[in-house]
Amino acid sequence: MALRKNNKLPQAAALKQMLRRCSSLGRRQGVGADDDGLPGDVPKGHFAVYVGENRSRFIVPISYLSHPEFQSLLRRAEEEFGFDHDMGLTIPCEEVVFRSLTSMLR
């Protein structure tokens, strides 16, 4: 059981780091940032992800992080792209699949 607990801590740390990077993306690019330096089009409690071949941008609530289906997408994203890059969080699935999944999570 201790091993399982240890596996959750690095994953939680990676998610926090990923969310900080998504929130600070607009600040680094200087595009659409509000007074606190965060992207103006990403409401508090949300983050941006890029999905599909054309990297369509979606703004999703942080509450999605608690859903096992979304966590599965994050694991796939980490395996395929990693979280340590400046391109924003990219989800490796088709846009239509992502839309379908997120419509069920609401």
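**Notes on the predicted model**

1. Helix H2 (residues 68–80) is 13 residues long, and from its first C-alpha to its last it reaches 18 Å, close to the 18 Å expected at 1.5 Å a residue. The expected span is 1.5 Å times one less than the number of residues in the helix. Helices (H or I, at least four residues) and strands (E, at least two) are DSSP runs, numbered from the N terminus.

2. This is a predicted model, in which local features need pLDDT of at least 70 and side-chain atom pairs count only at pLDDT 80 or more, while totals for chains, interfaces and linings use all residues. Residues are numbered from 1 along each chain as its sequence is written, and side-chain values use heavy atoms, with hydrogens and water left out.

3. Which residues of H2 are buried? They are Phe 70, Leu 73, Leu 74 and Ala 77. Seen down the axis of H2, the buried residues fall within an arc of 100°, so they line one face of the helix; the arc is that of the directions from the helix axis to the C-beta atoms. The face of H2 turned away from the buried side carries the exposed residues Pro 68 and Glu 79. Here buried means under 20% relative accessible area, exposed over 50%, and partly exposed in between (1.4 Å probe, protein chains only). Just after H2, Gly 82 has a positive phi of about 75°.

4. H2 packs with helix H3 (residues 95–105) at an angle of about 145°, and their axes are 10 Å apart. Glu 69, Phe 70 and Leu 73 of H2 make the contact with Phe 98, Leu 101 and Leu 105 of H3. These residues divide into five nonpolar, no polar and one charged. Axes are lines fitted to C-alpha atoms, for helices over the stretch in contact, and angles run from 0 to 180 degrees between N-to-C directions. Contact means heavy atoms within 4.5 Å. Ala, Val, Leu, Ile, Met, Phe, Trp, Tyr, Cys and Pro count as nonpolar, Asp, Glu, Lys and Arg as charged, and the others, Gly among them, as polar.

5. Arg 99 is also part of H3. With 47% relative accessibility, Arg 99 counts as partly exposed. Its C-alpha atom is separated by 9.3 Å from that of Phe 58, which is 41 residues away along the chain.

6. Arg 55 lies in the loop between strand S1 (46–51) and strand S2 (56–61). Its phi is near 50°, a positive value in a residue other than glycine. Most residues other than glycine have a negative phi. Arg 55 is partly exposed, at a relative accessible area of 28%.

7. The protein has three helices and three strands, in the order α-β-β-α-β-α along the sequence. Of its 106 residues, 35% count as buried.

8. How confident is the prediction, and what is the mean pLDDT of the protein? The mean is 74, and 60% of the residues reach 70 or more; pLDDT is the predictor's confidence in each residue, from 0 to 100. Among the elements, helix H1 (residues 2–29) has the lowest mean pLDDT (50) and S2 the highest (94). Over residues 1–9 pLDDT stays under 50, and the model has zero contacts there beyond four places in sequence. Where pLDDT is low, the predicted coordinates should not be read in detail.
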